[in-house]
Amino acid sequence: MLKKVLISIIVYFLFCLLQTSFFPHFGSIGNYLNLILITTIALNLLEKREEMFGLINAVIGGFLLDVFSNNIFGLNLAILLLISLFIKLFIKRYVEIPILEKI
Amino acid sequence: MFSGKKTKKNLLIGGIALIVFILIINVFSSEARNFFYKISYPFQTSLWKAGNVTSNFFYAFFKAKETSKEVDLLRKKNQELLAKLALMKEVKNENEKLRTALELNLQKEYKIFLAQIIGKDVNQNLIVIDKGEIDGIKQGMPVITCQKSLIGRIDRVYKNFSKVLLISSKSFSFDVLIQTRDSKNDILGVGVGGGGSKAYIKFIPREKKISENDLVATNSLGGIFPKGLLVGKIKKIKRSDTEAFQEAEVELAANPMNENEVLVITNH
């Protein structure tokens, strides 16, 4: 688990660098592309409801987004955590997504 | 999910620890951000330059037709400007003589500081530069391009880095002067950011005549910027018979996404 968390920190840090320094040069798509949000949503949708890795990823990603933004610390973290909880507690329980079921 | 006493207890402890951590880090937010920018600085600088080169390559690749049209247009403009330049040279010579006589020069007018752009804020309309408190950067200092076009002003200062609020930001407003073709009738207005890469000029009296391509420069009335920094040119004019003021969309002269370095005016 610790190894997985360390890999997440490195990958999310790299995403942050790309989001703040590389993608802004590519017009509006580059400006609004949020790799951390996409990855967190995908991870939470793909993993089992009992697993916690998606939530941990939301915390790591949210914290790093807070570091590279001008808002108070905790805002992006709270948003990502709420999205992850919403996916785990509601979408995974009440919505059936055929593609995800196959996985 | 989250069933079992032990899991619930662990989650509760984890949640409380997270809240405490966030509260503590908010107290030291400047130091924490400065630390992270320091770690990422070398990577961000390289990525910013790589992004600039890559986007330029793709722009040339996908918009070859538009580019060739633009080149033709620029060639024509260049010829016009060369003609004007010949006239200006004479004026320049005269000016230089006067300047020497008055012991003035541009560097004395502005004390400037070269800084490198290392990234853009996640929430847009802010860029990060590699100069901070230890370099003498202070909040509110104007930031311009090397061609002396306005980019924005210093919004937050960390120990080694600063954040620049771009003039296109919606929370930005400043006094501007519209330089009409009839140079005797320069018009005052209020420049406001429109988000993205847009900016508008508001509160232009309806009876004043402005036209597209009129130049827009800063005005020192508000005390935010020195007078005469180029903001851009008028792109679109919105007039309404029912309103007392007209509004104009400005095509900004500077695009920070195409720049690697900026200048900070430190003595304004």
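Guide: Let us begin with the contacts inside one chain. The model is a predicted one. In chain A, 49% of the contacts with a separation of 6 or more join residues 24 or more positions apart.

Visitor: Which elements make up the secondary structure of chain A?

Guide: Chain A has six helices and zero strands. Read from the N terminus, the order is α-α-α-α-α-α.

Visitor: How compact is chain A for its length?

Guide: One compares the radius of gyration with the value that the globule rule gives. The C-alpha trace spans about 40 × 30 × 25 Å along its principal axes.

Visitor: What share of the residues of chain A is buried?

Guide: A residue counts as buried if 20 or more other C-beta atoms lie within 10 Å of its own. By this criterion, 38% of the 103 residues of chain A are buried.

Visitor: How is the meeting of two chains described?

Guide: The size of an interface is often given as the accessible area lost when the parts come together. Here one may count residues instead: 24 of chain A are in contact with 29 of chain B.

Visitor: Which helix of chain A gives the most to that side?

Guide: Helices H1 (2-22), H4 (53-67) and H5 (75-94) of chain A each supply at least two residues. H1(A) gives the most, with six. By type, the residues on the side of chain A that touches chain B are twelve nonpolar, nine polar and three charged.

Terms used:
Residues are numbered from 1 along each chain as its sequence is written. Chains are lettered from A and ligands numbered from 1 in the order in which they are written. This is a predicted model: local features need pLDDT of at least 70, side-chain atom pairs count only at pLDDT 80 or more; totals for chains, interfaces and linings use all residues. Two residues are in contact if their C-beta atoms, placed from the backbone, lie within 7 Å. Helices (H or I, at least four residues) and strands (E, at least two) are DSSP runs, numbered from the N terminus. Ala, Val, Leu, Ile, Met, Phe, Trp, Tyr, Cys and Pro count as nonpolar, Asp, Glu, Lys and Arg as charged, and the others, Gly among them, as polar. The radius of gyration is taken over C-alpha atoms; the globule rule is 2.2 Å times the number of residues to the power 0.38. A residue is buried if 20 or more other C-beta atoms lie within 10 Å of its own, exposed if 12 or fewer, and partly exposed in between; C-beta atoms are placed from the backbone.
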